[in-house]
Amino acid sequence: QDSSLPVGVFIWEVENGRDEDVEVSIMFSLQNGTGAKEDRSGGHWNEPFALQRDGQRVAGVLLHHCLAVNPFTLAISAREKAGTAVTHVTAFNPTGLGSEVWQDLLQDGRLDSPAGKSRPTEKGEVTAAAVCASCRVPAHGHKTLELALAWDMPCVHFGSKEKLHHRRYTRFFGSEGDAGPTLSHYALTHYEEWERKIEAWQNPILENSQLPSWYKSALFNELYFMTDGGTIWMEVPPDSCAEDLQGPAGGGLSHLLPVLREYGRFAYLEGQEYRMYNTYDVHFYASFALIMLWPKLQISLQYDIAVTVVNEDVQPRQYLMGGQTGQVKRKNVVPHDIGDPGDEPWQRVNAYLMHDTADWKDLNLKFVLQVYRDYCLTRDSLYLRDMWPVCQAVMESELKFDTDNDGLIENGGFADQTYDAWVVHGASAYCGGLWLAAVCMMCKMAELLGDAEIRQKYLDILNKGKEAFERMLWNGKYYNYDSSGSDTSSSIMSDQCAGQWFLGACGLDQGELEVFPKSHVLSALRTIFEKNVLGFAGGTMGAVNGMRPDGVPDTSSIQSNEVWVGVVYSLAATMIQEGMVEEGFRAAEGCYRTVWERLGMAFQTPEAYREKKVYRSLAYMRPLSIWSMQLALERRAGQAPAPARLPQGHGRP
């Protein structure tokens, strides 16, 4: 409940070091609107409010922003308590010098607090309001002033305006657009409890002297994107039935409706500049933050993906690369994304126009890998059962990419994976590694669910595929980028162990199901550390995506000589899993220092940067993968769940 609330609380600690009492006032002013041209569209108005409940009083101003589509109310407020007075200005002109507000405040440290509503603004006019909290702080004493901001936009249309959606918090605060006072009151009377809970969550990490301070900052602060990523968390209409949500072909998902009803639908953008929701090849990396912190939102998101897998959209579409034409969404393949906020997400998926991603090699695999990883961390056997047929369907679709029947898929000679400008031919370390990891997890899930036939099928593929992978890609030190024999096929890819990363996160990296020989994994990681980390920018900027064996970055594509922050965090997690803790921290620290300190891009971590002058796609999803570093550390410390076993008596459904 409380994670869904559109509120912020601002606590001012006032200390008086003087020998006499001091009167202190803190004023909070806000424009009615978002700073967009609609602020001048006319018809907006403000009004004061006060709400007394359970012996607690909160007062402030409501700023009603009256748009034809997606109207909202902002609420600024302060907590009134013994010795604290709250006053306000209902409306003033924020484009002027503000002298009327300043003069009012300076006169006696209070605002005039007129009663009644302001008049609606004229077209071209902007309005603002202010609230002021005042108290007397005794000599050498201490007082706290508490102010809050709430934003109440309960019902939203996306760009197509076809469907009305209700935000998650309306379940608790109603959808009439009048929740500003109660949201403000709730925030100001609950924030101390939130602080206690946040401290209980963060302190074990913050107080761990073994962890470097930059890592503590990165781990918690990269979470800004969970809320600042154009994030939406919507209720499923209470009258909706399973058929409404699952489309014509989704009948097998027996727990879809209960999960979405209980936890809502969650979506966040690939990035603030790449406006597609739940971009799945990237969410694969970022999903560790959800599954470790808000696991039910990851489960809900996976149900939404599963629904789109089993359905199709036969509308034809022209793609930008190579002039391909194809249908928007093919059946039994994972979509690239669940839609564009400018259209109708969930209803129309695959807003991405560069390639027909039905031919991408990584999306289907990333679904299977996340299903098993989610099960490992939640032990949700109902989820596993629901997802099992979907996993089988996407793996069947993927099998067609094994064109020579050697147990290993081949890339298609274009940029057919998350590195969507870096061409791959034949077998590849990245997609081949993800494939083998997914095949391994299919064996494990089949075993858990008592499906001996499917287990044997994938065990045979795994044994063949492992041999082919080693034969075609291992060069004695690391896995080649691909098997094409081209000028750059021997490039050292920083992400070549992505399959091993997920296997290790699930405890499947040893024993009978060991996919990649341990000695090869360690050799590859050491090579990456030596070449892509230490050999790039003096070891101070993380790992470059592609490095030539002679120590020069691979410039064959615009992405091969970039550093991808989220990939470096996942590489660091893989290193930690394999016992290379110091090297993992060194690689990740380069990204943190570059982004949060040197480039000044705190709270807008980009997808990518180069050694000099270039960065790309500010405020991006992938760096949330830093939470996989935390999982790796917890696993090493023995705090994470053991490898999966289904409860007794829970065999095949």
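Two strands are taken as paired if DSSP finds at least two bridges between them. By this criterion, an open sheet of 3 strands has the order β19-β20-β21, with antiparallel pairing; strands (E, at least two residues) and helices (H or I, at least four residues) are DSSP runs, numbered from the N terminus. The model is a predicted one, in which local features need pLDDT of at least 70 and side-chain atom pairs count only at pLDDT 80 or more, while totals for chains, interfaces and linings use all residues. Residues are numbered from 1 along each chain as its sequence is written, and side-chain values use heavy atoms, with hydrogens and water left out.

**Confidence**

- The protein chain has an average pLDDT of 95, and 97% of the residues score at least 70; pLDDT is the predictor's confidence in each residue, from 0 to 100.
- Over residues 648-653 pLDDT stays under 50, and the model has 9 contacts beyond four places in sequence for this stretch; contact means heavy atoms within 4.5 Å.
- Where pLDDT is low, the predicted coordinates should not be read in detail.

**Domains and nonpolar cores**

- The protein chain is divided into domain 1 (2-204) and domain 2 (208-322 + 332-635), with bounds that come from an automatic or database domain assignment.
- The C-alpha centres of the two domains lie 40 Å apart, and 18 residues of domain 1 are in contact with 23 residues of domain 2.
- The largest nonpolar core has 187 residues, of which Phe 367 and Met 629 touch the most other members. A nonpolar core is a set of buried Ala, Val, Leu, Ile, Met, Phe, Trp, Tyr and Cys residues joined through side-chain atoms within 4.5 Å, where buried means under 20% relative accessible area, exposed over 50% and partly exposed in between (1.4 Å probe, protein chains only).
- Helix α12 (residues 429-448) supplies the largest share of this core, 16 residues.
- Because domain 1 and domain 2 both give residues to this core, it lies between them.
- Another core, of 17 residues, lies apart from it and has Val 7, Leu 188, Tyr 191 and Trp 194 among its members.
- Beyond its neighbours within four places in sequence, Phe 367 is in contact with residues including Tyr 280, Ile 305, Val 334, Met 387 and Val 394.

- β19 pairs with strand β20 (residues 608-609) in the antiparallel sense over 2 bridges, and Trp 564 has Ala 608 as its bridge partner in β20.
- β6 and strand β7 (residues 128-137) pair in the antiparallel sense over 7 bridges, with Ser 134 of β7 as the bridge partner of Ala 85.
- Strand β5 (residues 72-80) is largely enclosed by the rest of the structure, because 8 of its 9 residues are buried.
- Antiparallel to β5 run strand β4 (residues 56-65), joined to it by 9 bridges, and strand β8 (residues 142-152), joined to it by 6 bridges.
- Gly 60 stands opposite Ser 77 in β5, while the bridge partner of Leu 74 in β8 is Trp 151.
- The hairpin of β4 and β5 has 6 residues between the strands, and in it Asn 70 takes a positive phi near 55°.

**Helix α14**

- Helix α14 (residues 498-505) is mostly covered, with 8 of its 8 residues buried.
- Its buried residues include Gln 500, Trp 501, Phe 502 and Leu 503.
- The cover over these buried residues includes α8 (280-293), α10 (363-378), α12, α15 (518-534), α16 (565-577) and α18.
- Just after α14, Gly 507 takes a positive phi of about 70°.

**Individual sites**

- Leu 618 is placed in the loop between β21 (615-616) and α18 (626-636), and is buried with a relative accessible area of 16%.
- Not counting residues up to four places away in sequence, Leu 618 touches Gln 272, Glu 273, Met 601, Gln 604, Thr 605 and Pro 606.
- Gly 326 lies in strand β14 (residues 325-329) and counts as buried at 14% relative accessibility.
- Setting aside residues up to four places away in sequence, Gly 326 touches Gln 315, Pro 316, Arg 317, Tyr 319 and Asp 356.
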